[in-house]
Amino acid sequence: MLDGHTRLAGVIGWPVGHSRSPLMHNYWCQRYGVNGAYVPLPVAPGALEPALRGLAASGFRGVNVTIPHKEAAFALCDELSLTARRAGAVNTICFRDGKIIGDCTDGSGFCDNLEAHGVSGDGKRSGNALILGAGGAARAIAAALLDRGWRVYLTNRSADRAAKLVTVLGGEGNLEQISWESWPQALERMDLVVNATSLGMEDRSEAAGPDQALVQSWKISLAHASHNLCVADIVYTPRRTALLQAAEEHGLKTVDGLGMLIHQARLGFEAWFGTAPAIDSGLVALLEADLGKG
């Protein structure tokens, strides 16, 4: 039951009804006996600053920030973590002593999910990773992979956007741009390829399965893949995207986006509610059942 001691957090987005974050955080509150609640907060573009200031004044511990507010939230923070500065965006906010403190857990969530699937990054040179895309997710993932010892290659349909991202991140010689036309050929020397574009969202519903034309297109792109390539997609609706199906048909290891969603949430939960949550079968089953409704 909610009372005067309940810790409050939530997720800001527009729209926000699709977010699975309330399911996760409220599951953890119940699982660990935390007197807390996590709520969806629909905030229209242009209304983010008064919303954040109002939530902070109302006693909220913090919020997650999702599309389209991540970059706007970055600009409104009083303090930023090093990770958020490198990512150029914020997805996790704490309200503390009247200040808005921003962090970005997308990249670490992605890497933690990789490691949970046996794709390790131990601070030494981990291998070659190719990221498709140059948006906010690509930037956060690239920064996290660089921090964990990967050599990162970026490609994007807009070469200018990819070049700008390479310049911003630096990478100390471990970050390089390749052309969009040549990335399939580059897969023969890659250990990891990450789809951080919106292409995965073009699939049909989970029930119908991936669009077979997209599957065939991805299969052609994967023709040069090395046998040890791991293929990751940050999309979790659907979990089995056309890219992942194509990779499976090539016999390649795959990692879907659901684990990234869960891992990126753990740091926020600990900051707001004071407990470090585990990822257990009950949570995964809850999320899978909810995703199956779509």
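## Charges over aromatic faces

Arg31 lies over the face of Tyr32, at 5.1 Å from the ring centre. An arrangement of this kind also involves Arg189, which lies over the face of Tyr153 at 5.2 Å from the ring centre. The coordinates belong to a predicted model, and the distances given here are computed from it.

## Aromatic pairs

The count of aromatic pairs comes to six. One of them joins Trp28 and Phe269 in an edge-to-face arrangement, with 5.4 Å from centre to centre and 65 degrees between the planes; the angle is over 60 degrees, which is why the pair is classed in this way. Trp28 belongs to helix H1 (residues 21–31) and Phe269 to helix H11 (residues 258–273), so the pair ties together parts that are 241 residues apart in sequence. Trp28 is buried, with a relative accessible area of 0%, and Phe269 likewise counts as buried at 0% relative accessibility.

Tyr38 and Trp272 form a tilted pair, for which the centres are 6.0 Å apart and the planes make an angle of 40 degrees. Because Tyr38 lies in strand S2 (residues 36–42) and Trp272 in helix H11, this pair ties together parts that are 234 residues apart in sequence. Tyr38 counts as buried at 2% relative accessibility, and Trp272 is buried with a relative accessible area of 1%.

The residues of these two pairs, Trp28, Tyr38, Phe269 and Trp272, belong to one aromatic cluster, which also includes Phe273.

## The largest nonpolar core

The largest nonpolar core has 29 residues, of which Phe110, Ile131, Ile141, Leu145, Val152 and Leu192 touch the most other members. The elements that give two or more residues to this core are the helices H5 (106–116), H6 (136–147) and H7 (159–169), together with the strands S7 (127–132), S8 (150–155), S10 (192–195) and S11 (230–233). Among these contributors, H6 gives the most, with seven residues.

## Contacts of Val152

Val152 is one of the core residues that touch the most other members, and its contacts can be listed by residue. When residues up to four places away in sequence are not counted, Val152 touches Ala129, Ile131, Ala142, Leu145, Leu146, Asn174, Leu175 and Glu176.

Definitions and conventions. Residues numbered from 1 in each chain as written. Predicted model: local features only at pLDDT ≥ 70, side-chain atom pairs only at ≥ 80, totals over all residues. Heavy atoms only, no water. Core = buried A, V, L, I, M, F, W, Y, C linked by side-chain atoms within 4.5 Å. Buried < 20%, exposed > 50% of the residue type's maximum accessible area, 1.4 Å probe, protein only. Helix = DSSP H or I, 4+ residues; strand = E, 2+ residues; numbered from the N terminus. Contact = heavy atoms within 4.5 Å. Phe/Tyr/Trp six-rings, centres within 6.5 Å; stacked < 30°, edge-to-face > 60°. Lys NZ or Arg CZ within 6 Å of the ring centre and 35° of its normal.
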